[in-house]
Amino acid sequence: MGCTGPKSVIEVRNGLTFLDLIVIQIENLNNTYKCNVPLLLMNSFNTHDDTMKIVEKYSNSNVEIHTFNQSQYPRLVVDDFMPLPCKGHTGKDGWYPPGHGDIFLSLMNSGKLDALLSQGKEYVFIANSDNLGAVVDLKILNHLVSNRNEYCMEVTPKTLADVKGGTLISYEGKVQLLEIAQVPDEHVSEFKSIEKFKIFNTNNLWVNLKAIKRLVEAEALKMEIIPNPKEVDGVKVLQLETAAGAAIRFFDNAIGINVPRSRFLPVKATSDLLLVQSDLYNLVDGFVVQNKARVNPANPSIELGPEFKKVGNFLSRFKSIPSIIELDSLKVSGDVWFGAGITLKGKVTISAKPGVKLEIPDGSVLENKEINGPKDL
């Protein structure tokens, strides 16, 4: 989305960032239950310095915030598999963070794992900071403690928007995560079927801390390697990454729990940002909750053209975020600008012809309309 620093500091609602909302959520948890749930932020070497400055603003909050860095590996040159830093790329470009599967080793290496265990902590809830639905659920935690589950992955029903999401399978007597990158080309359409594979991984994970220590010390977390091709200054390189969800098969009594879609609200693109900034959601105690006025439980599908891809461009093109409570779908392409107080309903398509600036006037109500120029408004 064109971020230069940590994505978690993008403003989501009411001037509050992802990180602000997470801190408010944990403050409410600590105040309600008179407990001390800390917040741990795993950074890469790219975001560490920025994050350290950002967390200073929370020094008076009722939340202990800890930061730690994940590992740093050299990129490999595709031609000869030599590390890129050996070829003269000695700066940051020669290195990469190896995916979120590195969290278990990094918790251990940073000393955070032993510190948590020494405080009597038993479970860690792991989630992407951009998933606004990822909040602590005590019912899930109670189930894990009662049933001695060492690992739990939250899954949710697939829609056509989630066909690439990893899914749980039973293989060699173990629950395992199957990712699209592991599927042979001839079976990809089968993998994407929402009839055959009905659920996908939200990346909300609950893991027992003692089990993490046992497995990391035994070097037993042999997760599948995901090759991620990149290019640095014209040189083709490989990043070898792992995913935290793939660790499920190494833990005892591991389970998946089917959770409501409300626990999966990621902001991966500006189209997602439009949803969470609109009147489709309300903010309650740091939780982003769907507006009860919305009749259709599913979110509208939104497609924004490349002019809206970067956050700065996206924000500049809206005087205010339109009302979309009754919207089914929105497709925008070309040089389109939105005025204030606009309402979108049903199916709306807005296409500006090449070289034409199309402005949607303040207060417009567009319902089941296809707009290709000013004359259609």
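Q: With which residue does Asp130 form a salt bridge?

A: In general, side chains of opposite charge can pair when their charged atoms come close. A salt bridge is defined here as a side-chain nitrogen of Lys or Arg within 4 Å of a carboxyl oxygen of Asp or Glu. Asp130 pairs in this way with Lys268, and their closest N and O atoms are 3.0 Å apart. The two residues lie 138 residues apart and link distant parts of the chain: Asp130 belongs to the loop between β8 (123–126) and α5 (138–147), and Lys268 to the loop between β15 (255–258) and α8 (270–277). Helices (H or I, at least four residues) and strands (E, at least two) are DSSP runs numbered from the N terminus.

Q: What kind of model is this, and how are its residues numbered?

A: The model is predicted; local features need pLDDT of at least 70 and side-chain atom pairs pLDDT 80 or more, while totals for chains, interfaces and linings use all residues. Residues are numbered from 1 along each chain as its sequence is written, and side-chain values use heavy atoms, leaving out hydrogens and water.

Q: Is Asp130 buried or exposed?

A: Buried means under 20% relative accessible area, exposed over 50%, and partly exposed in between, with a 1.4 Å probe and protein chains only. Asp130 is buried because its relative accessibility is 7%, whereas Lys268 is partly exposed at 47%.

Q: How many salt bridges does the whole structure hold?

A: The search finds 16. One of them joins the side chains of Lys213 and Asp114, at 2.8 Å from N to O. This pair also links distant parts of the chain, with Lys213 in helix α7 (residues 209–217) and Asp114 in helix α4 (residues 112–118), 99 residues apart. Lys213 is partly exposed, with a relative accessible area of 22%, and Asp114 is partly exposed at 36%. Another salt bridge connects Lys196 with Glu190, with 2.6 Å between the closest N and O atoms.
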